[in-house]
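Let's take a look at how side chains meet inside a protein. Have the sequence and the 3D view open while you read.

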Amino acid sequence: MMHPSRLWPRRRCGNGVHAGCGAAFTLIELLVVIAIIAILAALLLPVLAKAKMRALTATCINNKKEMMTGWIMYSHDNNDFVTPNAPAGKGDGWINGSQGENWGTASGNTNVLDYTTNSLAPYLTGQIAVYKCPADKIPSDNGDRIRSVSMNSQIVGNSPSVAQLNQTYDPGWRSYSKIGDFDCPNASDAWIFCDEAMYTLNDGYLQMQLSYPAYPDVPANYHNSGNVFGFSDGHAEYHKWLWHAPGGSGLIAVPYVKNVTGTYWPTSGQDVDWYWLRQHTACQLPGVGP
């Protein structure tokens with residue numbers, strides 16, 4: 001029978017060799033364990049990051065659905081007119097404080113009152129969080145902003161002056177005042193809300209350029225180079241940006257750099273993202289265009 005001391009590793013303890021002084025890993029064994037942990041981490045971290053992004057996207061979709069429900073309920077109480085929309089300084093928009101938000105210390109970044117007295121407030125009671133994309137982690141200088149969402153500029157509600165303004169911005173393209181106006185694009189294809197990039201976020205009016213490829217305002221890419229849109233039939237969905245310009249990414253897909261701003265961003269005539277947006281923003285007026 002093997003002596004019990006043979007069952008234990010032998011190592012030098014003090015001035016002699018004793019059984020049972022305790023086992024120890026060799027340097028090679030430690031390096032192997034560290035290498036295995038590093039490999040597992042390299043495999044698991046991207047999976048965990050994707051799972052987290054899917055969860056944030058699901059939350060954002062739910063937020064947009066809540067906003068679309070409130071948007072539709074507003075029309076039911078207002079003779080089919082949808083919530084008003086306007087750029088800063090051009091009348092009442094769907095949010096108060098139309099001067100909006102920025103990278104810096106604009107009051108609209110953190111002013112809760114703007115979102116408890118706006119036109120959607122009675123239909124989104126206490127749901128301030130729906131105005132902010134959960135994947136938007138870029139703070140302004142005075143704290144986390146309340147809102148990242150803006151409205152399609154072709155949505156005007158009961159504002160004839162904004163409809164006229166849109167004909168200055170995009171002559172020959174339709175504006176939409178009532179729920180019943182959405183027959184081109186149809187209700188399931190016309191987007192109402194999406195998140196706007198901090199490059200251009202100020203008011204709640206995401207200005208579109210429909211006649212040629214350009215971005216007066218830039219849709220966001222917080223969700224793995226994608227955005228969540230709320231559509232006029234009440235549904236919401238994720239859309240991934242696809243355009244990558246030669247030598248780099250298209251404007252919508254580029255990473256954000258804090259404090260970068262702009263007033264007009266040209267893009268390529270091959271920019272499939274711009275064409276997708278135009279298709280889902282508005283239709284040309286009868287007799288205009290090819």
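Is Lys64 buried or exposed? Lys64 turns out to be buried, with a relative accessible area of 1%. Keep in mind that this is a predicted model, so everything here is computed from predicted atoms.

**Charged pairs**

Lys64 has a partner: it forms a salt bridge with Asp195, and the closest N and O atoms are 2.8 Å apart. Lys64 belongs to helix 1 (residues 27-76) while Asp195 belongs to strand 4 (residues 191-195), so this pair ties together parts that are 131 residues apart in sequence. Asp195 counts as buried too, at 1% relative accessibility. What lets such partners get together? Side chains of opposite charge can pair when their charged atoms come close.

How many salt bridges does a search of the whole structure find? The search comes up with four.

| Salt bridge | N to O distance |
|---|---|
| Lys64 and Asp195 | 2.8 Å |
| Arg147 and Glu101 | 3.8 Å |
| Arg145 and Asp136 | 3.0 Å |

Take the pair of Arg147 and Glu101, whose side chains meet in a salt bridge. This pair links distant parts of the chain, 46 residues apart. Arg147 sits in the loop between helix 2 (113-116) and strand 3 (149-152), and Glu101 sits in the loop between helix 1 and helix 2. Both residues are tucked away: Arg147 counts as buried at 0% relative accessibility, and Glu101 is buried with a relative accessible area of 2%.

What about Arg145 and Asp136, buried or exposed? Arg145 is buried, and Asp136 is as well.

**Rings**

Now for the aromatic side chains. The count comes to 14 aromatic pairs. One of them is formed by Tyr176 and Phe182, and it is stacked: the ring centres are 4.9 Å apart, with 10° between the planes.

Which residues do ring pairs link into a cluster? They are Trp191, Phe229, Phe231, Trp241 and Trp276.

**A charge over a ring**

Finally, here is a meeting of a charge and a ring. The charged end of Lys178 sits over the ring of Phe81. That charged end is 4.6 Å from the centre of the ring.

Definitions and conventions:
Residues numbered from 1 in each chain as written. Predicted model: local features only at pLDDT ≥ 70, side-chain atom pairs only at ≥ 80, totals over all residues. Heavy atoms only, no water. Helix = DSSP H or I, 4+ residues; strand = E, 2+ residues; numbered from the N terminus. Buried < 20%, exposed > 50% of the residue type's maximum accessible area, 1.4 Å probe, protein only. Phe/Tyr/Trp six-rings, centres within 6.5 Å; stacked < 30°, edge-to-face > 60°. Lys NZ or Arg CZ within 6 Å of the ring centre and 35° of its normal.
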